[in-house]
2 protein chains.
Amino acid sequence: MTTESLNFPVIGSDALKAAFRTHASGVAIITSHDNDGLPIGFTATSVTSLGSNPPLVSFNIARGSSSYPQLVIGREVALHTLCAKNLSLAQRMAGPKENRFTDADFELIGKVPVFREASSILIGKVRERFEVESNAVVILDILHGTEPMEQTRPLLYFQRGYLTATERLAENS
Amino acid sequence: MTTESLNFPVIGSDALKAAFRTHASGVAIITSHDNDGLPIGFTATSVTSLGSNPPLVSFNIARGSSSYPQLVIGREVALHTLCAKNLSLAQRMAGPKENRFTDADFELIGKVPVFREASSILIGKVRERFEVESNAVVILDILHGTEPMEQTRPLLYFQRGYLTATERLAENS
């Protein structure tokens, strides 16, 4: 056994999963429409800024997901950042696809469903997709957005549950 | 004025900055070495998993940063996830470069500096770099890692300050 294997005994994907259990992330919702004009959307914990001049956002997605083929270059997308009050919305958009747009709590901007209760909403377009193995990094050009709510408590994902900055809200079942 | 501009009055980079003030992120430290074998490292809030089979991580970086030219394909990198106890380490690695490795609180694994006090450490190699305007998405192949600490409180970045899941720890000055 080398010194290195003694220091770092967890290998490959087990190491990755163990490390990311100790790493919290903000929770967002991405929405768009499919080729038939029907709403699509999902909860994402990989949304991050990629620079502000020009304004760019990146997020990661499995190439095997049903949403990925719809996120073609130029497709309009809404990115919602979420606060603690949006917990049930985050859970619904991470649940069964057939339940995601059955409530009439969204409006359509063009063909893109938008949830007004989110802390903030950005409208963008898919600029580029970088495929790596069975996943992809999707880059959005940001066009414009809402005036964000002030003084919100952010919604977080950590150790398989949702949290806010002051208290744990619910387990991810 | 169109309905859309009434709904989304904040334009471009202002919209992006406003939205991301409402979005929290986990805090990590990335370390490696330069072409002369000297330690480099920085605090990053864009670290996210890109799939576990094979284990991949992505993070975003400005192409103009001094670290970017060192993160060549194949370069060994350590990724540290941080807990609340690592606040001062996060602040130091986000501060002046000349102060980042002056304390003897790291060890070298090969040429890569590693901070044992972090919640978890992953060792990986730069696999790909996707350049977009003045920024880049860097993809790491993960090789192995430490046994993460149990029951840590994650270190978060939100509204220009550091927080943990239960209390705000310090402002980012």
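Guide: This is a predicted model. Two copies of a chain are related by a rotation about an axis and a shift along it. Here a rotation of 180° with 0.0 Å of shift along its axis places chain A on chain B, with an RMSD of 0.0 Å. That makes the relation one of a two-fold axis. Both copies use the same surface, since 100% of the contact residues of chain A recur in chain B.

Visitor: How many residues of chain A are in contact with chain B?

Guide: There are 64 in chain A, in contact with 64 residues of chain B. On the chain A side, helix α2 (residues 12–21) gives the largest share, nine residues. By type, that side of chain A has 33 nonpolar, 25 polar and six charged residues.

Visitor: Which strand of chain B is joined to strand β1 of chain A?

Guide: Strand β1 (residues 10–11) of chain A is joined by two bridges to strand β11 (residues 135–145) of chain B, and the two run antiparallel. In one of these pairings, I11(A) has H144(B) as its bridge partner.

Visitor: Now a strand inside one chain. Why is strand β5 of chain B described as largely enclosed?

Guide: A residue counts as buried if 20 or more other C-beta atoms lie within 10 Å of its own. In β5(B), residues 48–52, four of the five residues are buried, so the rest of the structure largely encloses this strand.

Visitor: What does β5(B) form with β6(B)?

Guide: They form a hairpin, with two residues between them. Three bridges join β5(B) to β6(B), residues 55–62, and the strands run antiparallel. Within this pair, S49(B) stands opposite V57(B).

Notes
Residues numbered from 1 in each chain as written. Chains lettered and ligands numbered in written order. Predicted model: local features only at pLDDT ≥ 70, side-chain atom pairs only at ≥ 80, totals over all residues. Least-squares fit on C-alpha atoms with pLDDT ≥ 70 in both. Contact = placed C-beta atoms within 7 Å. Nonpolar A, V, L, I, M, F, W, Y, C, P; charged D, E, K, R; others polar. Pairing = 2+ DSSP bridges. Buried ≥ 20, exposed ≤ 12 C-beta atoms within 10 Å, placed from the backbone.
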